[in-house]
Amino acid sequence: MMQDVSFLVVDDCQLVRNLVRSTLVNRLGAENVYTAEDGKEALELLDARHIDIIIADWQMPNLDGEELLKRVRKSKKHSKTPFIMMSSLSDREHVVCAIQNGVSQYMMKPFTADKLEEAVHKSWNTISRRGAIRLSGLPEHSVRIRTGSRTLSGHVKNISQSGMLLQSPYSREMHLFSTYELELDVFDLDGGNLLIAPLYAMPVRIVAVEGFVDTKICQLALRFNRDMLNDATKSHLNELLKHLGGCDTELIQDN
């Protein structure tokens, strides 16, 4: 879930820009995606906007991807900003050049949405300077999600202030970007139970989990609708995250 991450997509082909933008929005839940036609326009946007990840083509008019990468790495503002290079140039010379200039990931065109998503996650996970902490290793718990006429039970894999990843049986009533009501029941939390409800969240990604024969199991990346959460729910959520941050649990950070 990368709704708080801002992207800059740079390519002189509008079709490529639109395809990359669509993947970032629909698969990663990105809300801030800026586009530029060449390196020159990209530098102007980098000066004017807060950008977390740059995805740029190598071969462009006016200012190509190689020169853009060099200028980004020399910039005090963006010297550590993840830079994903897209290119149809597969020879070792160009790949080595990109690495020497500080590229984060190198993607050969054409590439799939899965490859782009993988490159984004690998690039973002190399940074420790920003990103909300997500915590796993919850105490015994259950989560219930209401999808229309059904109530499904599942388990939370990790959780943060902005959302959570859970595993549950699949239902045809699950739809991306539809808001659902959830209840998170946490047991044996400092000797007691904690019910966090109502939680309102929308799935930004639904992926099938292989290995389950009799039941279709999926993983849901859910983004909280914090505007719909009441003060008590927010307080309980903060209490849980504070507890997890102080106990013997695994801390999963974007680093």
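Two aromatic rings of Phe, Tyr or Trp count as a pair if their centres lie within 6.5 Å, and planes over 60 degrees apart make the pair edge-to-face. In this predicted model, the structure holds 1 such aromatic pair. Its partners are W58 and Y106. Their ring centres are 6.3 Å apart and their planes stand at 70°, so the pair is edge-to-face. W58 sits in the loop between β3 (53–57) and α3 (65–74), while Y106 belongs to strand β5 (residues 105–108), so the pair ties together parts that are 48 residues apart in sequence. Both W58 and Y106 are buried.

Now step back to the whole chain. The protein has 6 helices and 13 strands. Of its 255 residues, 45% are buried. The accessible surface comes to about 13100 Å², and carbon and sulfur atoms hold 46% of that surface. Take the contacts between residues at least 6 apart in sequence: 64% of them join residues at least 24 apart.

Which residues of α1 are buried? They are V16, R17, V20, T23, L24 and L28. These residues cover an arc of only 130° around the axis, which puts them on the same side of α1. The face turned away from that buried side carries the exposed residues Q14, L15 and L19. After α1 comes G29, with a positive phi near 70°.

Next, the nonpolar cores. In soluble globular proteins, nonpolar side chains tend to be buried together. Here the largest nonpolar core has 26 residues. Those with the most contacts inside this core are I159, M164, L182, L184, L199 and L240. Which elements give two or more residues to the core? They are the strands β7 (141–147), β8 (150–159), β9 (163–169), β10 (180–189), β11 (192–209) and β12 (217–224), together with helix α6 (231–246). The largest share, 5 residues, comes from β11. Another core, of 23 residues, lies apart from the largest one. Among its members are A36, L69, M85 and Y106. Y106 is also a partner in the aromatic pair.

Some local details remain. The bond from K109 to P110 is cis, with omega near -5°. P110 has its place in the loop between β5 and α5. The bond from A197 to P198 is cis as well, with omega near -5°.

Where does N62 lie? It is in the loop between β3 and α3, where W58 also lies. Is N62 buried or exposed? N62 is exposed, with a relative accessible area of 66%.

Finish at N225, in the loop between β12 and α6. N225 and M202 are 23 residues apart in sequence, and their C-alpha atoms are 7.3 Å apart in space. Leaving out residues up to four places away in sequence, N225 touches T179, Y200 and A201.

Definitions and conventions:
Residues numbered from 1 in each chain as written. Predicted model: local features only at pLDDT ≥ 70, side-chain atom pairs only at ≥ 80, totals over all residues. Heavy atoms only, no water. Phe/Tyr/Trp six-rings, centres within 6.5 Å; stacked < 30°, edge-to-face > 60°. Helix = DSSP H or I, 4+ residues; strand = E, 2+ residues; numbered from the N terminus. Buried < 20%, exposed > 50% of the residue type's maximum accessible area, 1.4 Å probe, protein only. Arc of directions from axis to C-beta. Core = buried A, V, L, I, M, F, W, Y, C linked by side-chain atoms within 4.5 Å. Contact = heavy atoms within 4.5 Å. Areas by Shrake-Rupley, 256 points an atom, 1.4 Å probe, with all protein chains shown as cover.
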